[in-house]
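Here's a quick tour for anyone meeting this structure for the first time. Have a look at the fold, then read on.

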Amino acid sequence: MAKFKLDETDHQILDMLIENTRTPFTDIAKKLLISAGTVHVRVKKMEEAGIIIGSSLTLDYKKLGYAFIAYVGVFLKNTSQTKFVLERINEIPFVTVAHVTTGKFNVFCKIRARNTQHAKEIIFQLDDIEGVYRTETMISLEESINDKKRLMHSIFKDL
């Protein structure tokens with residue numbers, strides 16, 4: 001499969017969509033001085049090439065009562081249990097991200113909770129999964145950087 005080439009217009013379209021995925025194509029077209037049809041066709045091509053995969057919604061978890069974030073490193077008794085453990089982790093809705101990793105942990109998770117008591121309950125659920133040897137938790141004091149645009153611009157420079 002040939003590598004999909006993004007031009008400056010594609011970069012600008014992606015830039016606006018990353019800022020707000022709900023930006024109407026007509027608004028993007030006006031800002032870029034192109035037709036809405038052109039924006040639609042370019043987005044469709046980027047979707048077909050697998051560059052754009054769906055869209056996402058950003059929630060204010062503090063306003064929803066889930067401001068507490070912790071990262072939990074999971075140690076497994078045997079790495080052969082990874083798939084089973086991930087299936088059990090996936091059943092805990094407060095685990096929002098899980099990575100299979102090398103190094104110290106077998107699995108590294110991000111959890112969102114209402115408070116420390118709720119976080120403790122979630123961590124105990126992780127500990128209780130068959131095949132989990134132990135866990136190690138780090139509490140997030142603040143999410144200082146969460147910026148997809150900086151990475152995107154860096155990638156564009158390399159293309």
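Predicted model: local features only at pLDDT ≥ 70, side-chain atom pairs only at ≥ 80, totals over all residues.

Residues are numbered from 1 along each chain as its sequence is written, and side-chain values use heavy atoms, with hydrogens and water left out.

**The sheet**

- Four strands make an open sheet in the order β2-β3-β1-β4, paired antiparallel (strands are DSSP runs of E, at least two residues, and helices are runs of H or I, at least four, numbered from the N terminus; two strands pair if DSSP finds at least two bridges between them).
- β2 and β4 (132–139) are the edge strands, each pairing on one side only.
- From one strand to the next, the twist averages 20° (angles run from 0 to 180 degrees between N-to-C directions, and axes are lines fitted to C-alpha atoms, for helices over the stretch in contact).
- β1 (residues 68–76) and β3 run antiparallel and are joined by seven bridges, with Val74 opposite Val107 in β3.
- Helix α4 (residues 82–89) packs on the sheet and touches β1, β2, β3 and β4 (contact means heavy atoms within 4.5 Å); its direction makes about 170° with that of β2.
- Helix α5 (residues 116–127) also packs on the sheet, touching β1, β2, β3 and β4, at about 150° to the direction of β3.

**The hairpin**

- β2 (residues 95–100) and β3 (residues 107–113) pair antiparallel over five bridges, and Val95 faces Ile111 in β3.
- Six residues separate the two strands of this hairpin, and Gly103 in the turn has a positive phi of about 90°.

**Helix α1 and its partners**

- The axes of α1 (residues 8–19) and α6 (residues 148–158) come within 10 Å and cross at roughly 170°.
- α1 and α6 are therefore roughly antiparallel (angles under 35 degrees count as roughly parallel, over 145 as roughly antiparallel, 65 to 115 as roughly perpendicular and the rest as oblique).
- His11, Leu14, Asp15, Ile18 and Glu19 of α1 meet Lys148, Lys149, Met152, His153 and Phe156 of α6.
- With α3 (residues 36–48), the axis of α1 comes within 11 Å and crosses at roughly 85°, which makes the two roughly perpendicular.
- Here Thr9, Asp10, Ile13, Leu14 and Leu17 of α1 touch Val39, Arg42, Val43 and Met46 of α3.
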